[in-house]
Amino acid sequence: MGNKTIANPSNTKEILAKYNLKLNDRLGQNLLIDQNILNKIIEAAVLTDNDTVIEIGPGLGSLTQFILREPGLGKLIAVEKDKRLVSILKEIFTSSQNLELVQSDVLDINWNEFIAERGIKDSTFKVISNLPYYITTPVIMGLLESDVKPARMVFMVQKEVAERMAASPGTKAFGALSIAVQFYCQVRIIHEVPPTVFIPQPDVYSSIITLIPYTEPPYKAKDRKLFFRVVKAIFQQRRKTIKNSLIKASTVNFNKDDVLEALEQSGIDSRIRGEKLSIASIVELSNNLIK
Ligand code: SAM
């Protein structure tokens, strides 16, 4: 990489000063400056077999640099919205042949096209990101709901969001986000991260999580849209009984008899709260609600 200033955990401040760069709060620019945490993210990604990696929001490249060092890496594609950072990254990583820098808003990316254009096959790529927290859910759901199937994703997210994604039915943190994510993949919280490892420090604690998409989906929702409308109905009014939340929610339009019949077919007591149901039960219920 020549003798250019390479971003590393200890010289982030130096780079900011060199380029007279002010970080942009609105883009969630909290840069990682702790080598141990960077290593934990890399370990969680388990790079092997010439993996292709997509990094979202490389910032000044501290995580990028750690990924590039991995012997299991084939190619790294890094997507950054901030033009100023992209031109600094181009300068810093000028001789990294296996790095493609893409200047784009990640939310504008059509993943199916992005993967196809680069000849990447399903399950042969991984996604890694210290996410900009303001777009955590749309980024993750955008990937999960597309047809692409990464082998594994490793994200730094806000601690509470990680807990909601990994929560089990019947717990306080369990909600529509838990179901949306767990419908598609296995979720693991790997490590809790304090604000002190970032510049500038965020107001919240963070967690590193892994998401491993199912190759064979365990839940067979016959009508995925209807299933998610049922989920929304349950958690819009989570203190209501399952019967009442399905009859009264604005997201669905079922009549009482159909709801009672579907609940009976699914072996669900109409007086319990929907928030207590497992994902498999909600899938079965939504299948029985199809007319
Ligand atoms: N990876 C770097 C690190 O760990 O130090 C930076 C992580 S920082 C939390 C988030 C990064 O995402 C920033 O570089 C920010 O500019 C970028 N970003 C914010 N919104 C984005 C968007 N919509 N599309 C792509 N990148 C975005």
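**View 1. Helix α4 lies across strands β3 and β4.** In this predicted model, helix α4 spans residues 83-92 and β3 spans residues 73-80. The helix runs at about 160° to β4, with axes fitted as lines to C-alpha atoms (for helices over the stretch in contact) and angles taken from 0 to 180 degrees between N-to-C directions. Helices (H or I, at least four residues) and strands (E, at least two) are DSSP runs, numbered from the N terminus.

**View 2. Helix α4 has a buried side and an exposed face.** Which residues of α4 are buried? They are L85, V86, I88, L89 and I92, where buried means under 20% relative accessible area and exposed over 50% (1.4 Å probe, protein chains only). These residues share one side of α4 because they cover an arc of only 165° around the axis, judged by the directions from the helix axis to the C-beta atoms. An α-helix has 3.6 residues a turn, so residues three or four places apart point the same way. Turned away from the buried side, K83 and K90 are exposed. The cover over the buried residues includes α1 (12-18), β3 and β4, with contact meaning heavy atoms within 4.5 Å.

**View 3. Seven strands form an open sheet.** Their order is β4-β3-β2-β5-β6-β9-β7, with mixed pairing; two strands pair if DSSP finds at least two bridges between them. At the edges, β4 (99-103) and β7 (185-193) each pair on one side only. From one strand to the next, the twist averages 20°.

**View 4. Strands β2 and β5 run parallel.** Four bridges join β2 (residues 51-56) to β5 (residues 125-130). Look for T52, whose bridge partner in β5 is F125.

Residues are numbered from 1 along each chain as its sequence is written. Local features need pLDDT of at least 70, side-chain atom pairs count only at pLDDT 80 or more, and totals for chains, interfaces and linings use all residues, while side-chain values use heavy atoms, leaving out hydrogens and water.
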